Amino acid sequence: MGQVVGIDLGTTNSLVATLREGRPEIVPNRSGRRMTPSVVGLDRTGKLVVGDAARAQLASAPERTVAEAKRLMGSGEAVRLGDRTYSPQEISGLVLRALKQDAEHHLGTTIDEAVVTVPAYFTDAQRQATKDAGELAGFKVERILNEPTAAALAYGLDRLDDEALVLVYDLGGGTFDVSVLEMFKGVLDVKASAGNNRLGGGDFDRRVAAHLRQRIEAEQGVDLAADPVALARLVVAAEQAKAELSSAELVTVSLPFLCAKAGAPVSVELELSRAKLEELIGDLVRSTLGPVEQALKDAKVAEKDVSAIVLVGGSSRIPLVRRIVAERFGKDPRGGVHPDEAVALGAAVQAGLKSGALSAKTGIMITDICPYSLGVEVSKRAGSQLVDGIFSPIIPRNSTIPVSRTEIYSTTSDGQAQVDIKVFQGEDRLVRNDVFLDQYRVDGIPPSGAGAERVAVTFTYDVNGILHVKTKVVSTGKEAVLRVERSAQRMTPPERAAAKARLDEEWVKAPGAPAASVRPEGSVSAVDAAPGAPAPSVRPEPFDSAPTAPVLRSGQEKSKDASPASGAEADELRALAQAARARSAGAPAPVADRLERLASELERALDAGDPAGAASAGAELTDVLFDLG
Ligand SMILES: Nc1ncnc2c1ncn2[C@@H]1O[C@H](COP(=O)(O)OP(=O)(O)OP(=O)(O)O)[C@@H](O)[C@H]1O
Ligand SMILES: [Mg+2]
């Protein structure tokens with residue numbers, strides 16, 4: 001049997017780790033380096049290059065080199081390399097392929113399975129894309145593990161007897177995650193995670209590059225807009241200067257023959273100070289404190305109770321980052337884990353737990369959470385109208401995983417035979433501000449009066465952070481198992497097989513890529529379209545729910561516009577606000593506050609001509625009044 005390894009598939013760098021005699025260790029790549037740049041390119045002859053070789057051509061051949069593809073995962077955006085086009089999964093798949101091959105070379109064994117880490121705040125689509133990337137690389141992604149959780153495993157492994165409340169702050173090249181964990185006798189319990197999956201060192205580089213460009217253009221009287229190579233060189237120089245400023249106070253940025261002016265080459269030398277860097281990136285660094293607050297709040301812990309702050313990710317080396325975190329907590333963050341390697345090492349620990357090489361009984365155990373709420377779109381009654389587009393969470397964020405929850409909804413119209421389920425992820429009361437995941441149709445509902453039929457919707461969020469949906473028509477017991485696989489950017493099995501065949505073919509042509517690494521497509525896990533899933537052209541009709549008597553709207557029924565378009569509807573909502581105010585008089589203080597707040601919100605939205613806002617506040621008010629009886 002092949003070996004199970006842990007892989008940190010990073011925005012900037014990727015690492016592989018494995019267990020040796022119960023200890024995780026990094027597996028170096030073919031050049032003996034511990035980190036492999038997550039960069040893919042085509043060389044001059046059109047061959048694929050990955051890692052250091054690709055990174056080396058990033059500045060000279062930006063049109064056929066791609067970095068930071070992780071940022072595009074799950075977006076469906078195409079990546080151009082020269083005259084070819086790849087999906088983000090394919091690019092990540094190529095990075096993983098190179099990692100797998102180098103690790104196989106080093107370990108002298110095949111790798112068929114891996115634990116791959118993702119930012120805790122990665123969405124369902126991004127996680128699915130990561131699984132696809134693994135399959136395109138020729139191995140099974142045995143487990144998707146959250147990066148801060150992996151870092152905590154690496155941290156906890158050396159402190160099995162500690163009791164502590166740990167905050168992991170992971171600022172990498174493209175993503176930021178924060179997790180709060182409780183550690184007790186080798187059991188690590190993730191309490192809450194928050195983050196921003198579009199913030200990292202790459203953003204700092206772009207800020208610095210823009211600043212350098214401005215100075216160069218002003219001082220030299222040149223325009224770099226039409227010079228992609230010069231712009232790419234600026235980003236590379238910016239990254240280097242930024243990293244050097246973590247230890248130096250002042251650096252010189254040297255860019256010989258950066259561009260041409262009136263036919264003559266222009267070379268540039270500029271000084272950049274740490275103070276200037278801090279001015280350029282200060283707001284971005286400070287913005288990480290938002291998710292920190294949220295994670296503390298969600299975990300219901302006060303900052304004084306946090307006993308260890310573990311910084312990971314290359315960007316955590318920036319002195320400003322350490323300073324801001326130290327100021328926030330009134331104490332210095334701890335060392336104790338390697339900022340670049342902890343995530344991969346933790347992934348190897350998880351791989352060891354999975355394969356049995358590490359025993360949970362004698363060692364370490366971890367429980368993780370779902371970092372965002374998952375639910376469905378519903379309509380709610382506001383006064384006498386039904387308002388669409390309301391988010392009804394089924395699994396609240398920070399639930400310990402695996403988790404399974406069921407909500408029951410009922411039909412809304414006479415003879416309603418089917419119902420559409422639209423799945424969202426997020427925290428906003430309006431689905432338009434949440435992330436759409438997928439949609440399904442449930443049919444075969446026996447004809448009956450409005451509200452008489454009920455459908456139970458069960459969400460199960462597995463240990464990989466992937467959602468499974470099950471529905472059951474209560475009266476008939478008819479069940480359908482639906483997996484969130486059809487999200488817009490998810491590859492279908494035939495697409496994945498075709499993509500893999502193409503990569504296999506291109507890969508054999510790549511320098512140093514032995515054909516032995518190319519495996520025929522085996523049995524790809526079944527991801528067929530869910531039974532009853534609607535054709536993509538079907539406009540999903542939302543269904544309708546109130547907390548005590550949720551209702552599902554028919555697929556055929558024309559959905560009512562969420563906007564209280566007519567004056568009559570607006571009047572009705574104003575009356576609702578007034579009723580709420582009147583009712584608040586005798587209500588307990590917290591309820592009265594809520595009624596007042598919602599009434600004001602509703603009136604403000606009506607005054608501002610914001611129909612969706614009014615509808616949402618109106619719907620919530622109706623709920624509160626309903627609960628009051
Ligand atoms: N000494 C340093 N000072 C400042 N920044 C640094 C330093 N060393 C590395 N970095 C930055 O760290 C980032 C890479 O960090 P890391 O390898 O942890 O990210 P990643 O794992 O690839 O990304 P992510 O975890 O966001 O997907 C880059 O932006 C790099 O410029
Ligand atoms: Mg990372």
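**Ligand shell and helix packing**

In this predicted model, two helices each supply at least two residues of the shell around ligand 1: helix H5, spanning 201–220, and helix H6, spanning 228–244. Of the helices, H6 gives the most to this shell, with three residues. In total, 23 residues surround ligand 1, and the closest are Gly 10, Thr 12, Gly 172, Gly 201 and Gly 314. By class, the shell around ligand 1 holds 15 polar residues, six charged residues and two nonpolar ones.

The crossing of H5 past H6 is right-handed. On the H5 side, the contact is made by Phe 204, Asp 205, Arg 206, Val 208, Ala 209, Leu 212 and Arg 213, which meet Leu 234, Val 235, Ala 237, Ala 238, Glu 239, Ala 241 and Lys 242 of H6. Sorted by class, the residues of this contact are nine nonpolar and five charged, with no polar residue.

A second pair is formed by helix H7 (residues 274–286) and helix H9 (residues 319–329), whose axes come within 10 Å and cross at roughly 45°. That angle makes H7 oblique to H9. Here, too, a right-handed crossing is found as H7 passes H9. From H7, Glu 278, Gly 282, Val 285 and Arg 286 meet Leu 320, Val 321 and Ile 324 of H9. The contact of H7 with H9 comprises four nonpolar, one polar and two charged residues.

Turning to the remaining pair, helix H2 (residues 88–107) and helix H11 (residues 493–508) have axes that come within 11 Å and cross at roughly 50°. H2 and H11 are therefore oblique to each other, and H2 passes H11 in a right-handed sense. The residues of H2 that take part are Glu 90, Gly 93, Leu 94 and Arg 97, and their partners in H11 are Ala 499, Leu 503 and Trp 507. Four nonpolar residues, two charged residues and one polar residue make up the contact of H2 with H11.

Terms used: Residues numbered from 1 in each chain as written. Chains lettered and ligands numbered in written order. Predicted model: local features only at pLDDT ≥ 70, side-chain atom pairs only at ≥ 80, totals over all residues. Near = placed C-beta within 6 Å. Helix = DSSP H or I, 4+ residues; strand = E, 2+ residues; numbered from the N terminus. Nonpolar A, V, L, I, M, F, W, Y, C, P; charged D, E, K, R; others polar. Axes fitted to C-alpha atoms, helices over the stretch in contact; angles between N-to-C directions. Parallel < 35°, antiparallel > 145°, perpendicular 65-115°, else oblique. Left-handed = near helix turned anticlockwise from the far one by under 90°. Contact = placed C-beta atoms within 7 Å.
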